[in-house]
Each structure stands twice: as C-alpha cells, then as structure tokens.
Amino acid sequence: MRVLAIVLAVLSGFVVLAGYFVPTFTEIQIVLLNWAIILAGAATIVGVFNLILVHADRIHKREKGGTYSGILLIALFAAFLLGLVLGPGHADMRRLVNAVVVPAETSLMALLAVSLIYGSVRLLARRPDLMSVVFLATAVLMLLASATLPFGQASALNDFIRPWIQHVLALGGARGLLIGVALGTLVTGLRVLVGADRPYEGA
Amino acid sequence: MEDAVVCPNCGEQNPADMPFCQHCQWRLRTLEAEWGTDQEVRPSNAPASPQRDKSEDASVPDWLRASRSQASHDSAAFGGRLEAGRQPAAPPSDDDLLAGLAQQDQPQDEEIPDWVARIVGMSESGSPGQAPSSENESELLEGAPPADQAPSAEHGIGQEESQSWARDSLPLATDIGPQEGANRYADAMGTQESGTEKSEINEWLRNLDAAAAASPEPPAGPGLSASENVPTWVRRMTGVPDGQPQETPGPADPVPDWLSGSPGRSGEPVSAPPSSLGIPTRSQGRPLEATDKASGEAPAQSATSAAISRGVVPAFPLEDIQKLDVDAVFASMQMPVWMAGVNPPEATSVSDLPPAAQEEEPIAPADLPSWVRAMRPVVSGVDQAAKLEADKHLEGRGPLLGLQGVLPALPGAALPSGRPESHSMKLDVSERHRAHARLLESMIAAETQPLPLQGTGQFRSHRMLRWAISAILVVGLGANVLTGARNFPLPAGVPNESIAGIQAVESLPPDATVLAVFDYEPATVGEMEATAASLMHHLLLLKHPRLAVISTSPTGSALAGRFLAGALADRAYMRGVHYVDLGYLPGGLAGVRSFAQNPTAAVPLGASSEQVWDSSVLLGTRRLSDFAAIILLTDSLESGRVWIEQTAATRGTSPLVMVASAQAGPMLLPYFDSGQADGLIAGLNGAAGAEIANNGLPGLVRRYWDAYSLGLYLAALLITLGSTWHVGIGIRERRAETA
C-alpha cells in the first residue's frame, strides 16, 4: 500500500510537470488538477465538520469559552442554511457578509495596528541592540515618507527618499525573498517527485 | 540370647554382641554386664586373672562394682590418651572402642598404681599383687597431700569411710585440687616409668627433654616463694637452688627417684603436662599470657609462681620466650598480601610514653566502627566467663557420659547465633534531608507551573500604554474622519507601476471581457476598495468592459458584489448583465492552474449555479487568453504570485494588472519590474496617482488620505517617543547598576 501511494504520487507529479512542456499531457494534467480541486473542496468540508466537532465537544464538557463556541456553531448553521436556501449571491447573504464579517475583520486589523505600534514602542525596552534601532528607524522613516506634510506639498521624503527605499532596498530584499522561495519550492517539488519527501503519508 | 539389640537412644537395631550402637555410639550394655560377658574388654586397672574376677564378683558389693566400672572407664580414657601420645600408629579396633585400651594396659596388668588401687578400693580389699612397692609408696607419701586431706590405707578406715572416700574420688580432675592433681599425675608418671622405663615415655615428653637439655639453666622463677608448700623436687625442677634464701623456710622435699631422669631434675623447664584426665586447665590454656605478664608485672609473676607451685609447669618457659627472636620468627613467615602493606608503627619505648600511657594496657582494644560491630556475630559477644562456666557441664548421657566440656554448652547455642542481625531498610532521614527533599520537589513542581505574571505595577503600566496608544489613534483619526478635514494633500508624484497600470487599462478595447480576481480578505476591505476604486472606476468609465468576477477566497464573491455595489455604485454594474460571478475557485494553486488551462472546465457554473459561459457577458470567452485583461486585486504575496506564475503561459497577450495592499505591494513589485505584470497599484500612495488621473474619482483616496497621513504621523511619533523613553530608562538603570 505504501509503495502504491508512492508510485501514484510520483507518477501524478511527473504527469502534471510534463503538462507544462508537452501538450500531449495537458489533458491528463487538467484531469488530475480537477481531481485535486475536488479533493480540496472535500477537505474543506472535512475541515468544517472538524470545526463543528471540536466546538461541540467544548460545549459538552462545559469548558471555558463554551459560550463562544455555541455562538460560533449557531452562526455556522445559520449561514449554511441561509446559503442553501437563498444562495450565496443573494442580496441578503451579501448584506450578512458586509454587516458581520467585514466589520469584525476590519476591527481586528485596526487592533493589529495598535499592537504593532505598542510592539515598536517596547522593542528597545526588550531588545536594545543595533538591529532594533535600525528596524525602528526604517519603520519611522517609511511611515513619514508614506504620508504627506500637512498644509503643503509633498516633501523630499515622499518624492525621493520613499521611492528610493521602496525601489532599491525593498525591491532588492523582495527579489531575494522571492528567489529564495522559488528555490525552496523547486527543491521541495523535486524531492516530492523522486519520493524523497512523502507528505501524503501523513505524520 | 537375642540376635539384635535395639538402641534405646536412636532406636536402631544392632548386633547383640556390640557394646555400642553402630549409629549413635550409645552404650548398649552396662559395664557390669560387659565385665561379666566380655573379658576382652577391660579397663587398664582391671584384674588380669579371670579366676580372680570370678572370686571378686562374688565377694565385691554392688557399690564397689559400680565404682570399679566408673573408675575403669575414666582410667581407660586417661590411658588411651597417654597411649595415643606414645603410639599414635596403633589403630583401634573397629568393633570395640576400648580394645586399644586393653592392649595398652597389658604390660601394666601386673603393676596397678597405688592411686588407682586407692580409687577402686583394692587396697582395702587386701588383694595382693596390687600393692605398691615400698619405693613407690615412699614417693607417693612425699608428694601426697596431708593425711587429713586424703585417706590412706594405713589409716585403716572402715567400709563406710572407704565408700565415701571412693565416692569423693570419683569426680573428674576439675574437681580435684591442683596439688592433688599434680600428685596424681606424678604418681601416674612414676608408675608408668617404673613399668616401662624406656618405651612408655611420651614422645612429646622426649622431644621436650631434648629441647630443654640444649637450653641453659634458667634462673629461678621470680614469683616462686618458699613459703608455699612446694616440694623440693618441684622447686629444683623449676630452677630454684636449694641454697637460695627463702622468705619462709619449708620442708626440704627429697626428689623422688622416678623424677631423677626427668628434665626438671636439672632445673630445666619442662612443658606443662596435661591434667590428670588430659583436659587442659586454665593455667595450661594461657601459658603465653602468663609469660608475657611475667616479663614486667608482679601479678603475672605471682600467677606463674602459683602455677609452678601447683605443679603445673608452663609449656613455654619464660626464658625461652625472652630469648626467642620474635621478629625473626615473623620475618620467616609469609605474610598475606593484606598485611604486606601494613607499615609497622614506630617503636616507642615505654619510658618515652607519658605516665598516663604507661599505665595503660600495652594493646588497647581496637575502636571498631559501629557498622563493623554490627556485623560481628553474636557468638563473639558471649562472655568468656559464661563460656568457661558452661564448659563445666558434665555429660550425663550418651557416649560422652561422664565427660566434661567436650561439647560447647553455651546458653542458646542451639539457636542460630551466627545469624546476622537484621536491619531495617528504612532510611535514616534527618530533618535537613527532609528540607532538601521538599526543596527539590518544589523545584520540580515549579517546572510544570506557568510563569507568574510580572509585577502588577509593570503589568498595569503596559496595559495603560496600550490603552493610551488606542486612545490617541481613535481620538485623532476619529476626529479627522468626522470633521472631514483636508489638511494633507495627495502626493504629487505617481509611481511608475501605477502609471503602467493605468496605461494598461486605458489600452483595453471597449466592451472587452475582463477577468477581475478578488483575492483579498474582509479585513483589508477598506484599503483594497480605496486602492482599486480609482483604477476600476477609470476602467469602467472609459471602456465599459464586461466583467467576470472570480476569487480563490470563499468571501471573495461577496466582497466583489460589495465593491461593485459600493465603491463603483455610480457605474451601476448589474450582476448577470454587466458582470458574472464565477464564484469561489477552490484548490489554490491547482485551481488557478486548472482555471488557466480550461476556465470552462474549472468553473462550469456561476456562483448561483447559473450558466455563465453561455451568457452575454462571457460570450465568445472560453479560454483565459480570451479575456482582454486580468485585474488582480490581492492583499497577499502568495495569491499574487500564484496568479502571475500559473497564468503566464495561458493568458497570451492579455495584460495583468495588480492592485495590491501596501503590505503586499513591495513584494509584488519585482514581478512588475521583471515584466510578468503590466501594472501595479500598491496602497493609497499608488492609488492616489490613479485617482488623480481619473479626475479624483471616485474620491476614496482623498477621503482616507488625511486620516491615513495623520495615522502615520501618530504612529511614527508614538514609536519615537516610546523608544526614546525606554532608551532613557535603560541608560538610567545601567548607571544605577554601575554606581
């Protein structure tokens, strides 16, 4: 069984890879990718069921935060039932998203802004070294350069310093990160193709 | 006559002619019966003539017969020991333990000693032939105790007196006085020597004679006192000259003839003979101890002299021991390994020692550790006096009948005295150990406990700091939004990537089909809508494209409807008429790849399960390259990277314009610089130029710009002030520590 799983995984990987270069394998690639999409959808359903079980168990054991778990399950079943009845494109469904989901997540993003500022304030207190100073100086500089001066035109920070930092320093760093990510993805893909890594075995 | 006799002791059957049990050596027949039936077994002092035995059996009373049997038994034991010393090679008979005694006593049948005759009462019976010679009689009189202590034949005692005397003389030598024991031994020696002058002397006595002849004449014993009742021959034997002044003059005892040839005759020391019955006495058992103490201490001298006065000659004379080179003796011995490494202590003379040490014993008892004492067997702790007292136990039954001190009769000897004392395995834990154990347990328990919060004051200050930051941001930005102030102008400069994006949109043909990908989360709705509104508004305003909305996020479809119905509400785009919702594209990278390969196969139906590919919006659109442009609205690097990479080979010449958040913009900028993306509008800074190009429509950037700029300034100010404050505190603390 284990060998069969390895053979199927490696063979599927090579077929999908060949579909990028050989038109003959394109149809097979599409079929395999559609299977992957279906499995991903099924995995989403499995994830939803797991979420229900975890929070239901928390309610059954009367653990701390069980009330929030109850609210979560109620909202989940309500949205599911409304989606089944009305459909996801219904105006009421969109109103539900705009009235609940968007404000909640936006508020979390606002809290993130406060937390980031607090963390920056406490950074030198916890790790007073040169890299912390450089980090804070760069952050403050980019904040000031991203805004315009009140009651006037854009300053030199906004016209020269910020573009230079963004297109030289940030772009160089981003390219390095992307190249690193690409190399890591390539190596990981090759290891999976040759069977060195078998993430499909689990554990 | 019976063939077998049952032993009364062990119950085993033995032949009828066996005097002792073959299994337990229990005497099966009494001596009287044995005398009457077995003439071969007789004691050394038994009469030799059977006719005489028969005549005596008839005339001798019962008490005398019993006395004879007991005396014959004791004499046989004594004679056996003497014979064993002279003739060790003579094997005893297997059938009779006393057979050897009979053979030994054969030459003495004709010469029964007088003291034996006195014991058995033969002198009173007036039997001839057993009377001692006049010479021997004179010797006995010289060494005999006073007349009032031991009755003699000359006193003519009656039958009753003779019976009591004989009864008193029956006990073993330990009950006999030392002087009397010595005299009896001398009698026995004289009797034996007179009978067998050359061949009957013990071999060990011969060897001792030879050793004594080679040694010089020792001086007189220092403790030998003339006041004691010591015969002259004994004094001569111990080396005391006759002419030496005596403290108390005593009678000059003549030396008997039978001792003239003994080693003590010349004053040479002789080894102590065994006691009358061969059982060593106390004086014999401690010759070395007496000698050691005699070297310099008066009590020891008196003990030695007392021993000599009792006729007990020490086995190791004092002179020999003093002349003996002890070091040479020990040097000639092969020491064990464990003793080889022991260095001898430094020799310290007695005079060098302090007075207190001189008074102490030469060899102090070792101070053994407690654990060593605990390991010593219990037997070792038995008192020596009790042991000696127990040695006096007289066997009253069995084959050892009449013998004394043969078997150890220690109290509790039957118990397993050698068994070591059982000790409890419980640890001896003191209070200090308990304290350490409690400390260790607390340390282990502390590892599993969560770390306690820091000081309340510090925690409270942190919480106040967070509340202060929140208050400043909320109050400042809220006031700016509520007032609608326009104090911060839009940036004049427009980034190149934004200009490229605007140009890509402007280059699209009118009424083209455009794919709009809404891959952002509801959390970034505010930023993404403001960033994308100017570009999309510009597109819809100029080109009136037909839109196909798709998303790799489950909420993307709803956010797309929100955007088109909210930010672009003035464009009045209707779903199903101006745009179609392809819904959620699952599968992540694979879904994007599949959609790029075959859009109709990947998403055959719309979000509401309607037929979208045959609708008027997507008319003639079957492949990805059929879309005139792809507008990607994303707030993450991963989503932008997937769409750029997976659609690069299938989108053909269709431009890809990205609208990204300020967070993802710098990371997606390399794709624009490399030409994989045709335009990039990142954040409000990038969207400001597009809005300016769109004549300030729809105006979201302008609406947010003041709050956005004020928020950036506040954030920079808080970070600067907070960092400066903490740097100052750190410097002060370091100075305090240095001071």
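Visitor: How many helices and how many strands does chain B have?
Guide: Please keep in mind throughout that this is a predicted model. Of the 739 residues of chain B, 36% count as buried. When its secondary structure elements are counted, chain B has 31 helices and eight strands.

Visitor: In which order do the six strands of the open sheet in chain B stand?
Guide: The pairing in this sheet is parallel, and neighbouring strands are turned by 15° against each other on average, if direction is ignored. Read across the sheet of chain B, the order is β5-β4-β3-β6-β7-β8.

Visitor: Which strands of chain B stand at the edges of that sheet?
Guide: A strand at an edge has a single partner strand, so one side of it is left without a neighbour in the sheet. In chain B this applies to residues 579-584 and to residues 679-682, which are the strands β5 and β8.

Visitor: Which residue in β7(B) does Leu632(B) stand opposite?
Guide: Strand β6 of chain B covers residues 629-634 and strand β7 of chain B covers residues 656-660, and the two pair in the parallel sense over five bridges. Leu632(B) has its opposite residue in β7(B), and that residue is Met658(B).

Visitor: At about what angle does helix α23 of chain B run to β8(B)?
Guide: Helix α23 of chain B, made of residues 496-506, lies across β6, β7 and β8 of chain B. Its direction relative to β8(B) is given by an angle of about 125°.

Visitor: Which element gives the most to the side of chain A that touches chain B?
Guide: In all, 52 residues of chain A are in contact with 57 residues of chain B. The elements of chain A that give two or more residues to this side are α2, α4, α5 and α6. By class, the side has 34 nonpolar, 14 polar and four charged residues. The element that gives the most, with 18 residues, is α4(A).

Conventions
Residues are numbered from 1 along each chain as its sequence is written. Chains are lettered from A and ligands numbered from 1 in the order in which they are written. This is a predicted model: local features need pLDDT of at least 70, side-chain atom pairs count only at pLDDT 80 or more; totals for chains, interfaces and linings use all residues. Two strands pair if DSSP finds at least two bridges between them. Helices (H or I, at least four residues) and strands (E, at least two) are DSSP runs, numbered from the N terminus. Axes are lines fitted to C-alpha atoms, for helices over the stretch in contact, and angles run from 0 to 180 degrees between N-to-C directions. Two residues are in contact if their C-beta atoms, placed from the backbone, lie within 7 Å. Ala, Val, Leu, Ile, Met, Phe, Trp, Tyr, Cys and Pro count as nonpolar, Asp, Glu, Lys and Arg as charged, and the others, Gly among them, as polar. A residue is buried if 20 or more other C-beta atoms lie within 10 Å of its own, exposed if 12 or fewer, and partly exposed in between; C-beta atoms are placed from the backbone.
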